[in-house]
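Have the viewer open and follow along.

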Amino acid sequence: MSMNNPKKVFLAAAVVAASTGTTEAAKGDRVQKLISKIRDDSAEVRTNAWLSAGEVGAPAVEALAKVMTEGDLEVARAAKRALWKIVRHCGRPGAGNERRAVVGELVELLDDEQPVPVRREVLWMLSEIGTRKSIKPIAALLSNKELREDARMVLQRIPSKGAIAALKAGLKAAPEDFKLNIAQSLRQRGVEVSGLPCVKLVPTKKTNVKPL
Amino acid sequence: MKRTNQLNRREFLAAAGAAVSVPYLIPSGVLAARGRGGANERITMAHIGVGGMGGYHLSDMVERRGRGEVNIAAVCDADEKRLANAVKTAGPGVDAYRDYRYILQRKDIDAVVIATPDHWHGAQMVHAAECGKHVYVEKPACCTIEEGKAMVAAAKKNNVSVQVGSQGRSQPEAYLAHRYLVNGNIGHISRVDCFHYPSPEDNNPVPDSDPPAELDWDLWLGPLRWRPYNRRYCPGSFRWFLESGGGQIRDRGAHVMSCAMWWMGADGTGPVTIEATGTPPKKGLWDSAVLMEVTYRFKNPDWTLTWTQMPRDKLPAAEERTGQEPGGKIVRPGYGAIYRGDKGKFIHWGGDGGTWAEKKAREWEPPAGAKDVYKSPGHKEDWFKGIKTGEKTIMNIEAAVGVANLCILGNLSYILGRKLEWDQAKQEIVGDEQAHRMMYRPQRHPYHL
């Protein structure tokens with residue numbers, strides 16, 4: 001179709017907009033159905049729902065994260081498992097676009113407004129599929145006392161130079177009580193770190209049990 | 001070997017090295033073994049993890065101490081109640097520790113028995129080796145591929161003897177089965193089908209809570225990422241969550257597939273592809289597959305290994321026995337393997353402390369010229385032999401990591417829902433970046449490799 005004619009261009013754009021709208025509606029419908037089943041009273045229905053979540057993908061991420069914080073233990077667990085299913089599905093070879101979309105949604109969930117347990121879980125999801133774009137928001141959590149240990153382990157797992165650079169920067173900025181942790185991550189990634197010895201073999205925990 | 005006012009073995013060896021002009025003072029076993037215990041010398045032990053199998057090992061070692069085979073210097077556990085019980089079992093003169101690293105610092109301790117939850121095996125074995133201790137570590141050897149590599153490297157670098165607790169290889173009927181199979185009694189074997197009953201579902205899920213006062217939850221978690229305590233994690237139920245025990249495939253797979261790899265002459269080899277499916281628990285904290293099917297394809301030579309967790313009514317029927325057989329009656333008929341050759345098939349049940357071979361293997365009389373196979377003197381005896389002579393143990397760390405890798409790869413394929421390709425030479429998953437990342441799991445500071 002030649003696009004020289006303004007009328008044709010307008011019509012084509014309208015068709016794309018209409019089909020995009022239909023697709024978005026369909027996606028929204030799938031997400032709603034998934035969430036509804038995740039909240040179902042039946043353990044079987046919930047299980048089948050989270051098992052099928054992979055194909056629903058990125059559009060379901062935010063909604064599932066919300067359900068993860070709901071009061072019912074098993075519903076929250078099903079939502080978490082659904083999120084993990086999405087992460088494992090989108091990480092398959094050849095699914096780069098799906099993966100990037102999911103990573104984008106997950107990164108949004110690292111925001112301060114999200115509860116710590118959600119952010120901790122999301123960090124570990126990003127450890128499996130996180131891309132260069134996720135490094136900066138993960139690195140920002142190196143200064144968060146509740147999440148910094150998870151954040152440094154997750155950066156350690158992401159195989160990019162950017163992750164190493166983020167750990168190096170994190171080490172410079174880290175308080176004394178966290179420097180050894182980051183130093184360990186850097187050593188694990190093959191970086192020499194001086195002045196911060198490995199303390200893995202230093203015992204620290206005393207027992208109250210006495211020998212006979 | 002008492003600690004106080006006596007030369008410990010290492011001090012003695014150092015002195016022996018300096019006194020080379022008077023070799024008649026030195027037991028021959030010491031000189032022959034370059035830093036290992038002399039043939040008649042008692043090994044001084046410590047036990048890390050004293051609940052469950054750890055309790056069994058401690059009681060077993062107490063009996064051995066009574067026979068003059070070993071000394072017991074220390075016991076250790078993150079749970080103070082278990083530790084107090086272990087102190088009672090071990091008796092006077094045995095020190096108690098919460099933190100295993102105090103044990104590793106002691107120069108008088110030659111060897112450690114590690115029977116902690118699975119997520120601790122890798123780090124503790126590596127740390128013990130780095131401190132020059134010989135190690136008996138419970139199976140499965142490791143929870144990740146990279147842990148396994150570190151364990152092999154640490155044992156080699158530090159020249160310590162490691163025995164992994166897949167003790168099925170040391171059972172009397174395992175020897176009979178091995179000998180029967182390698183002599184071609186069922187012909188060329190192209191397929192081994194392992195069977196097992198399902199992993200359990202948690203029918204009593206509970207919310208997270210504070211840990212009990214006696215448990216050091218931080219230490220129990222160790223290398224695992226932090227999470228709140230839940231009483232469905234421990235003590236024994238770590239077995240049913242993927243990050244630690246990994247379900248039946250890692251628990252009993254480390255036994256049944258250990259026999260398969262040994263009897264097939266496949267130690268040191270690995271599959272080229274792994275494909276798993278399974279059904280998850282419908283509720284609760286535990287997440288290991290309830291039912292499961294895994295297919296491992298090996299090349300050069302070509303054969304197939306399968307692992308199936310199936311409903312109990314689908315399991316093969318157990319053989320009738322009188323109890324007079326070398327392994328006695330079959331008391332755990334719910335797992336084992338069927339070996340399929342071009343001239344017939346062979347079945348065994350168990351594969352751990354009980355390994356029961358089908359009658360035809362037990363009754364087979366080797367003709368003149370038949371091949372014989374290694375007959376273990378007992379799993380711990382085989383380890384002691386390794387310590388004293390430097391010979392490889394029957395379930396050495398390389399073999400055990402090979403078996404653990406099968407279990408890990410099966411679970412990874414199940415978790416990811418796709419077929420994996422494995423490069424045995426490079427010891428890595430190929431063509432799947434996410435799976436490749438999952439070969440390794442970062443560990444919490446300071447509980448890391």
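B:Q427 sits in the loop between strand 14 (420-423) and strand 15 (428-430) of chain B (helices, H or I of at least four residues, and strands, E of at least two, are DSSP runs numbered from the N terminus). Its phi is near 55°, a positive value in a residue other than glycine. B:N159, not a glycine either, has a positive phi of about 55°, and is found in the loop between helix 7 (145-158) and strand 6 (162-164) of chain B.

## Ground rules

This is a predicted model, where local features need pLDDT of at least 70, side-chain atom pairs count only at pLDDT 80 or more, and totals for chains, interfaces and linings use all residues. Residues are numbered from 1 along each chain as its sequence is written, chains are lettered from A and ligands numbered from 1 in the order in which they are written, and side-chain values use heavy atoms, leaving out hydrogens and water.

## Cis peptides

A cis bond joins B:N300 and B:P301, with omega about 5°; B:P301 is in the loop between strand 9 (291-298) and strand 10 (303-309) of chain B. The bond from B:H445 to B:P446 is cis too, omega near 0°, and B:P446 lies in the segment after helix 15 of chain B.

## Where the chains meet

On chain B, 56 residues are in contact with 52 residues of chain A (heavy atoms within 4.5 Å). There are five salt bridges between chain B and chain A (a side-chain nitrogen of Lys or Arg within 4 Å of a carboxyl oxygen of Asp or Glu). A:K205 forms a salt bridge with B:D216, their closest N and O atoms 3.1 Å apart.
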